[in-house]
Amino acid sequence: MTKRVFSGAQPSGNMHLGNYLGAFRNWVKLQDDFECIYCVVDMHAITVWQDPADLRAQVREAAAAYIAAGVDPNKSILFNQSRVAGHAELAWIFNCVARIGWLNRMTQFKDKAGKNREKASAGLYVYPNLMAADILLYKATHVPVGEDQKQHLELTRDIAQKFNNDYGIELFPVVEPIIQGEGTRVMSLRDGTNKMSKSDPSEYSRINLNDDADTIAQKIRKAKTDAELLPAKADLLEGRPEAQNLVSIYAALTDMSRDAVCAEYEGKGFGDFKKALTDVAVTRLAPITEEMARLQKDEAYIDSVLRAGAERAHAIAEPILNEVKDAIGFMR
Ligand code: AQP
């Protein structure tokens, strides 16, 4: 079977450091060993309200972020989800395969719906079924994600297995998650127990990929920390979530281990460490920010990449969806 990667990000706001460290930079590395499909998942984004003009801009921003981070649209397939109808078709089928009990266990729905559960969209609830469809529409074998998506990938495996069992056919592969590196769970700069997220109302909680050097410096300066010094080893950061987060971000940006970062800054306070972290973040992110800005000015280019990518994606998806329809007994 072809070793195929699928992954995506929601164009539901500005792309941030968590998306870069937990996803994009890992996507780039996989391009040489796998056939890669990278999707801007606009159908997931509308599970919460998106202004139509903002959505279009965010789709282009996400595509620009992928390319600026190093995704090569000639090598990998890059497109926006809503252009390939197979995602919606397979998601409906999976709505009928997945069990309500499985969805009730999804922690992301509980977190996102919060106390207003009754008012959340039905789409937010069945979001994991659409995610399973995104992956299995291409029989993807590997999915690089951040820690937060682990549970959804387990559900994808359950759906694939149940479909194969129900219809007595080995149609879908068992998907392997790829969760690697120090940046698999980047936390909010304001609260080290919450993940860095596009939908956090505080701009100071995240570093956006389009932030300039001054903004990055200001956000790191204001990041929550504690009064203690940096210890000699990373496991001594236990119980200090904000300190742990800043050390992990530094480690991820420099490709060092957290222990090596602690060894270098042992005995220093966060005033000094934040200055060093700012330098590292600006050096690493500035070329990406510049390239994103350049690409975003060229809407015609971005649109042509997305359109061509959608055609390539559709060509892979169509025969797979036909196999699914034949297995179910749909007439076509
Ligand atoms: N904080 C994070 N640390 C590491 N990885 C992260 N990812 C997201 N946040 C972090 C990874 O980025 C990829 C794309 O994520 P997404 O945009 O599809 O969805 P999300 O996880 O729901 O991201 P946000 O920013 O939290 O969006 P909102 O606020 O709109 O819900 C995924 O691989 C994800 O793991």
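## Phe163 and Tyr167

In this predicted model, Phe163 has a relative accessibility of 0% and therefore counts as buried. Tyr167 is partly exposed, its relative accessible area being 35%. Both residues belong to helix α8 (residues 150-167), where they are four residues apart, about one turn of the helix.

## Aromatic pairs

The structure contains 14 aromatic pairs. Phe6 lies in strand β1 (residues 4-9), and Tyr138 lies in the loop between α7 (122-136) and β4 (142-144). The two are 132 residues apart, and the pair thus links distant parts of the chain. Phe6 and Tyr138 are both buried.

Phe163 and Tyr167 also form a ring pair, with centres 4.7 Å apart. Their planes are at 45 degrees, so the pair is tilted. Elsewhere, ring pairs connect Phe24, Trp27, Tyr38 and Tyr66 into a cluster.

## Charges over rings

## Domains and their contact

The protein is divided into two parts: domain 1 (4-178 + 299-328) and domain 2 (203-294). Taken over C-alpha atoms, the centres of domain 1 and domain 2 are separated by 30 Å. Domain 1 contributes 13 residues to the contact, and domain 2 contributes 14 residues.

Between them, domain 1 and domain 2 bury about 1,200 Å², with 68% of this area on carbon and sulfur atoms. On the domain 1 side, the residues that lose the most area to domain 2 are Leu17, Tyr20 and Ala68, which together account for 42% of what that side buries.

## Salt bridge between the domains

How many salt bridges are there between domain 1 and domain 2? The count is one. The side chains of Asp255 and Arg25 meet in a salt bridge, with an N to O distance of 3.3 Å.

Note on methods:
Residues are numbered from 1 along each chain as its sequence is written. This is a predicted model: local features need pLDDT of at least 70, side-chain atom pairs count only at pLDDT 80 or more; totals for chains, interfaces and linings use all residues. Side-chain values use heavy atoms; hydrogens and water are left out. Rings of Phe, Tyr and Trp (its six-membered ring) pair if their centres lie within 6.5 Å; planes under 30 degrees apart count as stacked, over 60 as edge-to-face and the rest as tilted. Buried means under 20% relative accessible area, exposed over 50%, partly exposed in between (1.4 Å probe, protein chains only). Domain bounds come from an automatic or database domain assignment. Contact means heavy atoms within 4.5 Å. Buried area is the accessible area (1.4 Å probe) that two parts lose on being put together, summed over both. A salt bridge is a side-chain nitrogen of Lys or Arg within 4 Å of a carboxyl oxygen of Asp or Glu.
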